[in-house]
Amino acid sequence: MTPLQTGHAQTNNLDAFWMPFTANRQFKQAPRMFVGAKDMHYTTSDGRQVLDGTAGLWCVNAGHCRPKITEAIQRQAAELDYAPAFQMGHPKAFELASKLVSIAPTGLDHVFYTNSGSESVDTALKIALAYQRAIGQGARQRLIGRERGYHGVNFGGISVGGIVNNRKFFGGLLGGVDHMRHTHDPERNPYPKGETEHGAELADDLLRIATLHDPSTIAAVIVEPVAGSTGVLPPPKGYLKRLREICDQHGILLIFDEVITGYGRLGQPFAADYFEVTPDIIVTAKGLTNGVIPMGAVFVRNEIHDAFMGGPEHMIEFFRGYTYSGNPIAAAAALATLETYKEEGLFERAKALEPVWADAIHSLRGTRHVIDIRTIGLIGAIELEPIAGQPTKRAFAAFVEAYEKGLLIRTTGDIIALSPPLIIEERQIGEIVETLRPILEALN
Ligand SMILES: Cc1ncc(COP(=O)(O)O)c(C=O)c1O
């Protein structure tokens, strides 16, 4: 039993909460607790300010406790708290869908709501399979992912995902899944700013897989345009375009998982805009509601949506949905979030900051333990040499030290990942770098 004195003079027992993706026993010996947040900062339970270098978990793109979003949630909770999601509607879910498709790439004019990135991924995979069946291509049952891909934690997502620890404990996973090679090649692409120079040919790995299984068996391929959770891996120049070509040639749907890159992270609404490649389906969540309320949205190309609309009109066209799909409070939060992004020009702001960000993060090159740095949009990764025989320990020590010094970073393996809210000021970018530099120098 571990008691904790929070800032609210309340004693908690920490044992009951089995924390996600956390070393529970280690955490509960020395808990790190946030009790408040405003704009770029968190407040800890011991009253310290911590600069948010990660937008929470890549989601608080407009910064914390923004009044417009908070008020929208409060108003909505008092006006219409819940409406059944099946065979009933409420206006804000429709208004939001219209606003979302207005910022999506041309031709993706339909949105299916979920409550998270993981649910969005599994929804997208199901749409792909059901679409192929609807157009008479029911033999297309294979799904292709990529090594080092992260697509959330549901069974579809971990099956197409390429992270060993997310897969190995959970049995046989989905059948009929194959994986392309990842694109990470630090020897040929050291310290990249933006897309990497070498590796477009790795897209042809899809052709290899298509040849092995025959293209007529493949429903869809899913990739993160920038792989985030395995350490910020920008794509090689031309790679995504080549994937698009191969998919077009072989009737394979292309799904972009934009759970991290969506809603301005790369200085555009979507990575599809940044890389000028339009997929058939875009998977989103996180920044959709500024992380405030769980919500995801899957954008679907018109032909795909329309293929479902052929049967008798009284029949349900797609057997899928969640109790909270398009929840009124989430929809209100998302509408207020989109307004905040627009009014404050936050996507444009991220674009303008990209070179400043890149130069600042890359100034850590040469710092002790640093073996690679990668930046794109307002994302950065600082890769550290692992301690021999003890992978992850060095980066985790940096994480704890940064937290003590008033900076929230995130680590994955021995990689520090950074993704601040898009409202970050230039001086705060400097603060991130100058907090990290001495920490890295002093690490074992
Ligand atoms: C690319 C990608 N897809 C899916 C997910 C899963 O999202 P969630 O944690 O909301 O289920 C994440 C989460 O980080 C992600 O980065």
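**Buried and exposed residues**

Alanine 55 counts as buried because it has 30 C-beta neighbours inside 10 Å; a residue is buried if 20 or more other C-beta atoms lie within 10 Å of its own, exposed if 12 or fewer, and partly exposed in between, with C-beta atoms placed from the backbone. This is a predicted model, in which local features need pLDDT of at least 70 and side-chain atom pairs count only at pLDDT 80 or more, while totals for chains, interfaces and linings use all residues. Residues are numbered from 1 along each chain as its sequence is written.

**Positive phi angles**

- Most residues other than glycine have a negative phi.
- Alanine 55, although not a glycine, has a positive phi of about 45 degrees.
- Alanine 55 is placed in helix 2 (residues 55-58); helices (H or I, at least four residues) and strands (E, at least two) are DSSP runs, numbered from the N terminus.
- Glutamate 276 is not a glycine either, and its phi is positive at about 55 degrees.
- The loop between helix 10 (271-275) and strand 11 (281-284) holds glutamate 276.
- Glutamate 276 counts as exposed, because it has 11 C-beta neighbours inside 10 Å.

**Glutamate 383**

- Strand 14 (residues 379-384) contains glutamate 383.
- Glutamate 383 has 23 C-beta neighbours inside 10 Å and therefore counts as buried.
- Apart from neighbours within four places in sequence, glutamate 383 is in contact with Gly231, Ile371, Asp372, Asp414 and Ile415 (contact: C-beta atoms, placed from the backbone, lie within 7 Å).
- A distance of 36 Å separates the C-alpha atoms of glutamate 383 and aspartate 248, which are 135 residues apart along the chain.

**Helix 3 and helix 12**

- The axes of helix 3 (residues 67-79) and helix 12 (residues 328-343) come within 8 Å and cross at roughly 155 degrees; axes are lines fitted to C-alpha atoms, for helices over the stretch in contact, and angles run from 0 to 180 degrees between N-to-C directions.
- Helix 3 is therefore roughly antiparallel to helix 12 (angles over 145 degrees count as roughly antiparallel).
- The contact includes Lys68 and Ile69 of helix 3, and Pro328 and Glu339 of helix 12.

**Around the ligand**

- Among the 14 residues around the ligand, Ser116, Gly117, Ser118, Gly152 and Val259 come nearest (near: the C-beta atom, placed from the backbone, lies within 6 Å).
- Helix 5 (residues 117-134) gives the most to this shell, with 3 residues.

Definitions and conventions:
Angles under 35 degrees count as roughly parallel, over 145 as roughly antiparallel, 65 to 115 as roughly perpendicular and the rest as oblique. Two residues are in contact if their C-beta atoms, placed from the backbone, lie within 7 Å.
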